[in-house]
Structures are given as C-alpha cells and as structure tokens.
Amino acid sequence: MAAIISLRNVVKRYLRGKQSVEVLHGIDLDIETGDFVALMGPSGSGKTTLLNLIGGLDTPSSGEVSVAGVRIDALGGARLARWRARNVGFVFQFYNLLPQLSAQRNVELPLLLTSLSAAQRRRNVQAALAIVGLSDRAHHKPSELSGGQAQRVAIARALVSDPTLLVCDEPTGDLDRATADEILGLLQTLNREQGKTVVMVTHDPKAAEFATHQLYLDKGELVSRSTKAVA
Amino acid sequence: MKFLPLIWAALWRKKTRTVFTLLSIVVAFLLFGMLQGVNAAFNSAVDRANVNRLMVANATAFTESLPYAYLTQIESVPGVSAVSQQSWFGGYYQDPKNFVFSFPVEPLRWRRIGTEYRIPEDQFDAWVRTRTGAVVGAQLAAKYGWKIGDRVPLHSVIWTKAGGGSDWEFDIVGIFTSPEFASRENQFLFNYSYFDEARVFGKGRVGWLVVQVADPRASARIAAAIDHLFANSPDETETKTEKEFQQSFLKQIGDINFIVTRILFAVFFSLLFATGSSLMQSMRERIPELAVLKTVGFTDAGVLRLVLAESVMLCVLAALAGLAAAALLFPALRDAIGVVTLPRAVLAEGVVIAVLLALATGLLPAWRARRLSIVDALAGR
C-alpha cells in the first residue's frame, strides 16, 4: 500500500526561555494507508510532538511532513486549519469535550465548518453516535457521562466528518482496563472495517497490542519498529 | 445561525457571572434610556421651536416682568404679524407635588400665535366669554379626571389674590389638543384679565411676550428693532428666537446635556472594565475548549469571530432589555417633562453604543483567543 503519512528528516525545536531545545532529531517515517500505529516511548521522548506534526497541530522546524500527498509543513494558519477539518479526527486523553454542550452538539462541532444543512448534520451526528454505541446519550452533557462514554463521544466527534486519519493521544490514559479495552476495540474496528488510518500515542504496552505496528521513540529518535501479524 | 447554540452555550458556561454581567449592563442601559430620553425630549422641543416666533423677555433676568404696554408698541414694529403675552403662574393642584404648567393669557391674542393648539370653536368662545374660564390640555384633563363644567382650584406659589390667599378657582370651559407637541397638552391656560384684576401685585405687567413675525428671515432685524425700541428704559428687553429662548429656559434648570453626558460617560467607562474583565476571565477559563475548536478545524479568525459574537450577544441582549425597561418606565416621567414615549433615536443610539461596548470589551479576549497556540493550550502551558 502507498504511504499516507511520510516524514522526511523532520526536526522540531522549541524555545524554553532563551534556550532552543531540539525535541525531534531528523525523523524519517512512512505510515501506510490503513495502518494502526502505536507510538511508544518514555516521557519526553517526543511522541506527542510527532503526533502533533502528523495531525497538523504544529509545524516542523525543518524537514517535510506529507499526509495523503499534501505537504502540510508548507500550509499556513487558515489553510492548515481547513486541512485538519477535512482530513484528521483527534482523540485526546481527557476527551476534551465542551462541557456546556450536549454529546450531540459536541459531535456536531466539526460539521459546523461544512456547508451541510442542519438536517444533514443531524443525520451524520446520529450515525457517528450509533457507530460508538451512544445513540441514547445524544442529549447528555459530558458531566452526565462516564469516562468511557465521554471518550466514545470524542471518537464520534473525530469520525463525524469522515476523515482518513485518526490521531489519538493517550486515548485510554484516563480509563480503567476494561473500558480502555472497549475503546481500543472500537479504534481497532474503525481501522479494520472502515479503513481509517490510526496513529496512537500510548505508554501502555497492552494498548499497543491493538495496533498493527509499534514505533518506539527515545530522546527524539525512532529507535525501533515492529509489525504484528493481523489476526 | 448554525454557530448560535455554540455561542449561547459559551455565554452561559458560568451562569452566575453571566447573570451579574447582564444585570450591570441592563441597569446601565436603563439609566442611559431614561437620562438620554429626557435629554432628547428637551432637545426635540428646542429643535421643533417655531421659526416664526420671537420671545421678548426682560433683559435684566428672565424672571423679571415687562409692562403690558410693550405689547401694543411691539405690534407696530414692521414685520410683526401678531403679539401675545404669558406669565408664569406657578400653580399646583391640591398638593405641591401636583405641579401644573399654568399660564394667564389673552385668548384672542393667544389663538393668533398658538397655531399648534386645537380647540373646538364653541369651547374657545366660552373661554373668551367666561372671566374665570380656563382651557386645559387633554393629557392634563385625563390625569386629574377634569371635564368641561368642572370648577378647579389651583394654588399659586407666587400670586396672592386681592381678597387674600393664593387659591385661585377656575371653570374649565374647554379641552385642547396639540397633536404635534404632545407635551403642550399638559398646560393650563386661563384669562389674563381675571388674573390681572385679582392679583395683589404686579398689575399691568406680564412675564414675557411672544411675537409672530411674517418672515422668519427677518427675525434678527425685528429682534434688534424691538430691543432698540426699549433701550435705556427701566425695562430693557432681550429678544430671542423661540429656540434660543427655550435653550436659555432649560439652562435655568441646568445644562442637562452636559450632566447627562458626564453621568453616562462615567457609567459606561466603569461598565467597560466590568464587562471586559468578565469576558477576559471567561476566555482564560476556556483556553482548552478554544484549543479544541481550533483542533477540529476552526481558523484563528473563526475563533476570534466566535468570541466577539459572544460579547456582542451579551451586550446587545442586555442593552435591549435595559432599553425596553426604560421604554416601559419612561411614561412615568410624563408629569415631570410631558413626554410619553422614549424617542426612537435614543433606542437606536443605545443599540449602537451596545455594539461599540461589545467590540471594545470583546476585542482583547477575542484577539488572545485568535493567537492561542493549540499545542501550548492543550499542554496547559
């Protein structure tokens, strides 16, 4: 399969006070369409920074980042935002739902940027909530949902605009084992049945087992890569 | 419109804070509506002053009287088409708080000048015939339930009667309207002859004279001619247009426009800080949420517009509530200023100020939201 994500000699530096700190040192990486990749490594290894670059939340200091043939490192502010809206779904450790909105309204957020009618938006939201098994919680606020349910809503929000890529930062970091396995199973299903490419940062080796590929970063460099035989 | 639920929900994220902010804006705009309404009502009366009229008062002070004889002398000034006279009666009905705008006039002279008044012919005739007759404005009659045939006592705070006492009795013989100048329907007019004969002092004198000129372009020349006529006399005159006269009359009360402007400036200046800090705090608390919006594809400019829209919605809704309350309460001022509705211009001005307030208070938080870095915000930096 063709690489959906391609990084070439990617370097990322941050300014910490007056000091420039290099977090990623010349990363080269290809992720193929339909892969489920777990990015692992110790704290401070650069996992989240790499994920942010892949998801277009940040831009590299140097090097190239291409996603689905688009050089996103060359895109600026508004164009990058529009690219994210069309191509990437994000899932975060702490769900990051808007507390004052119902589940339905939270899932609808990415669709507000499209030209879909209210009725079409409602249909798409219902479909996304059905995929994550939360049709009956559409009108509940995040405070009325369990952690697992809130993360499912976040996944529905990531899915609703039908992106090719799902970017997940420690999606099970705040959940118990059983709930975490449910969420990971859901991501696996989305990867296998809907062909979504999933890139997931995790500390948890059990979570990484749900992925088809595992990448290890240490001190800003990719140190190993393993591929699991698909069951 | 599709962003409305998002903006509305953000606005009510902290209900108590929003309610208090709303209330402070509502009260400010209620105050604005009432004060600016009064100011506009006075200005409107001045602006609508008759351009064909000159007012002749004593040059020493407006409160000093003039000899009645000036009236006939002024009538002979070229360009003058009619002259009437009025005096301040200073009357109230039953209780000092029931102040009545009451003036002794000569009906026939008054009618030639007072073209804005409407009174049925038979009632006017009755007024001319009846020595103690009085005609009252429709609003005043409605307020006290007066009708034709009623005998009404007014107590004057200035004039005592020859027989003793300051209570004057009048027979209501007519009710007039003034469709274009509703405030005049609060007036009480009665016969000067009755007044002049019965009063103890000031006989043969009048408060001021109202001069009708044939051509308003000649007003300045005629005013100068009138003042020249009485120059170096014991009662020199100062002749002004009706507009100038009303302006100086209002200044007797105080510079209303100055007072209102200063009060409102202070109110809105403090409101600017109160609302601004509230919106700023709200933005700070929502940094992760704003970052999420940017993550899912909202542009920097889009987030700026959302935060500004929140500010506009808050300020405009509260302003409308405040102005609506002012419009409801405004008729209560009728007794004091004779105006029954809040001028539309004040409502429009209020909405414009609300939008400006929203932009002034919302711009800084909106700009900060625009500059928010997703990575830093999500990392809690």
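Predicted model: local features only at pLDDT ≥ 70, side-chain atom pairs only at ≥ 80, totals over all residues.
Colleague: Is Phe90(A) buried or exposed?

Modeller: Phe90(A) has a relative accessible area of 5%, and because the cut-off for buried is under 20%, Phe90(A) counts as buried.

Colleague: What is Phe90(A) in contact with, leaving aside its neighbours within four places in sequence?

Modeller: With those neighbours left aside, the contacts of Phe90(A) are Gly55(A), Leu57(A), Arg84(A), Ala154(A), Ala158(A) and Val167(A), together with Thr295(B) from chain B. As for Met200(A), which is 110 residues away along the chain, its C-alpha atom is 10.0 Å from that of Phe90(A).

Colleague: Thr295(B) takes us to the other chain. How many residues does the contact take from chain A and from chain B?

Modeller: Chain A contributes 25 residues and chain B contributes 20 residues. The area buried between the two chains is about 2000 Å², with carbon and sulfur atoms giving 70% of that area. On the chain B side, Lys2(B), Val296(B) and Val375(B) supply 26% of the area that chain B buries against chain A, which is more than any other three residues supply.

Colleague: Which helix of chain B gives the most to the side that touches chain A?

Modeller: At least two residues each come from α1 (4–11), α11 (287–295) and α15 (374–378) of chain B, and α11(B) gives the most, with five residues. By class, that side of chain B has 12 nonpolar, three polar and five charged residues.

Colleague: Why is α11(B) described as largely enclosed?

Modeller: Seven of the nine residues of α11(B) are buried, so the helix is largely enclosed by the rest of the structure. The buried residues run through Glu289(B), Leu290(B), Ala291(B), Val292(B), Leu293(B), Lys294(B) and Thr295(B). After the helix comes Gly297(B), which has a positive phi near 125 degrees.

Colleague: Changing topic, which residue forms a salt bridge with Glu116(B)?

Modeller: Arg53(B) is the partner of Glu116(B), and their closest N and O atoms are 2.6 Å apart. The pair links distant parts of the chain, since Glu116(B) lies in the loop between α4 (107–113) and α5 (121–129) of chain B, whereas Arg53(B) is in strand β1 (residues 53–58), 63 residues apart. Both Glu116(B) and Arg53(B) are buried.

Colleague: What else lies 3.1 Å from the backbone oxygen of Glu116(B)?

Modeller: A polar atom of the side chain of Ser178(B) lies at that distance from the Glu116(B) backbone oxygen. Ser178(B) belongs to the loop between β8 (167–176) and β9 (187–191) of chain B, and it is buried, with a relative accessible area of 0%. Not counting residues up to four places away in sequence, Ser178(B) touches Glu116(B), Arg184(B) and Glu185(B).

Colleague: What about the salt bridge of Arg217(B) with Asp215(B), how far apart are the closest atoms?

Modeller: The closest N and O atoms of Arg217(B) and Asp215(B) are 3.3 Å apart. Arg217(B) counts as exposed at 75% relative accessibility, and Asp215(B) is partly exposed at 30%.

Notes:
Residues numbered from 1 in each chain as written. Chains lettered and ligands numbered in written order. Heavy atoms only, no water. Contact = heavy atoms within 4.5 Å. Buried area = accessible area lost by both parts, 1.4 Å probe. Helix = DSSP H or I, 4+ residues; strand = E, 2+ residues; numbered from the N terminus. Nonpolar A, V, L, I, M, F, W, Y, C, P; charged D, E, K, R; others polar. Buried < 20%, exposed > 50% of the residue type's maximum accessible area, 1.4 Å probe, protein only. Polar contact = N/O pair within 3.5 Å; in protein donor to acceptor, adjacent residues only side chain to side chain. Salt bridge = Lys/Arg side-chain N within 4 Å of Asp/Glu carboxyl O.
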